[in-house]
Structure formats: C-alpha cells, structure tokens
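Please read the points below beside the sequence and the coordinates.

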Amino acid sequence: MADGRKRWSGIERQLRATHGPMLAGVDEVGRGPLAGPVVACAVIMPADKRAIAGVDDSKRVAEPDRVRLARNLETHAFSTRT
C-alpha cells in the first residue's frame, strides 16, 4: 500500500482466507461475573476497509481516544452490537 500500513494483521488475513470475510473483533469491560457486571461488544469491519488505527483492548486506550474510536467504528463498521 502506498502509505506502508498493512490493511489487516497476518492472523486476520489468514482467518478471512480460511473462514470467509466476516470476522468480528470483540472486547469486554467489567470485573467479571463473580465481581460485578460485564459489558461486551463485537464489531465487524468490511474486509475491503482499512483497519482503524488505534483500535485495541479498551483498557489500553485513553478515554478521549475510546470516544473518538467508537464514533469511527460506528461510522465505518459493517455491524456493531453491544
């Protein structure tokens, strides 16, 4: 690619080649079922779109970045479920 960034990681490309283009990324937040409520989310990005830079484990992303990334995901994702 012209800008040198990979569209998807090697494992994502391998999974898409083996199982098809519908690949969901998931994340959860909470202390676990024994300690309190848990919220989980799954996002499916179209295979022909670039991976969104900065999307990672929500615990590793600062609050302002999580808000920005959430808007970006809602705009570009094929599907989001919470």
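The numbered points cover the basis of the values, the fold, the core, one arginine, a loop and the salt bridges.

1. Basis. This is a predicted model, in which local features need pLDDT of at least 70, side-chain atom pairs count only at pLDDT 80 or more, and totals for chains, interfaces and linings use all residues. Residues are numbered from 1 along each chain as its sequence is written, and side-chain values use heavy atoms, with hydrogens and water left out.

2. Fold. The protein has two helices and three strands, where helices (H or I, at least four residues) and strands (E, at least two) are DSSP runs numbered from the N terminus. Along the sequence, their order is α-β-β-α-β. Of the contacts with a separation of 6 or more, 53% join residues 24 or more positions apart; a contact means heavy atoms within 4.5 Å.

3. Surface and burial. Buried residues make up 17% of the 82 residues. Here buried means under 20% relative accessible area, exposed means over 50%, and partly exposed lies in between (1.4 Å probe, protein chains only).

4. Core. Which residues form the largest nonpolar core? It has eight: Trp8, Val43, Met45, Ile52, Val61, Leu69, Leu73 and Ala77. Such a core is a set of buried Ala, Val, Leu, Ile, Met, Phe, Trp, Tyr and Cys residues joined through side-chain atoms within 4.5 Å. In soluble globular proteins, nonpolar side chains tend to be buried together.

5. Trp8. Neighbours within four places in sequence aside, Trp8 is in contact with Arg13, Arg16, Met45, Pro46, Ala47, Lys49, Arg50 and Ala51. Ala51 sits in the loop between strand E2 (38-44) and H2 and is partly exposed at 30% relative accessibility. The C-alpha atoms of Ala51 and Trp8 are 5.9 Å apart, although 43 residues separate the two in sequence.

6. Arg16. This residue belongs to helix H1 (residues 10-19). Is Arg16 buried or exposed? Arg16 is buried and has no salt bridge; Glu12, the nearest side chain of opposite charge, is 6.2 Å away. In the charge count, Lys and Arg are positive and Asp and Glu negative, while His and the chain ends are not counted. Beyond four places in sequence, the contacts of Arg16 are Trp8, Pro21, Leu23, Met45 and Ala47.

7. Val55. The loop between E2 and H2 also holds Val55, which is partly exposed with a relative accessible area of 44%. Val55 touches Leu69 and Leu73, not counting residues up to four places away in sequence. Val55 and Gly25 are 30 residues apart in sequence, with a C-alpha to C-alpha distance of 9.9 Å.

8. Salt bridges. The structure holds two, each being a side-chain nitrogen of Lys or Arg within 4 Å of a carboxyl oxygen of Asp or Glu. Glu63 pairs with Arg66, the closest N and O atoms being 2.5 Å apart. Both lie in helix H2 (residues 63-76), three residues apart, about one turn of the helix. Glu63 is partly exposed at 46% relative accessible area, and Arg66 is partly exposed at 33%.

9. The other pair. Asp65 and Arg68 meet in a salt bridge at 3.7 Å, N to O. These two are three residues apart in helix H2, so about one helical turn separates them. Asp65 is partly exposed, with a relative accessible area of 32%, and Arg68 is partly exposed at 43%.
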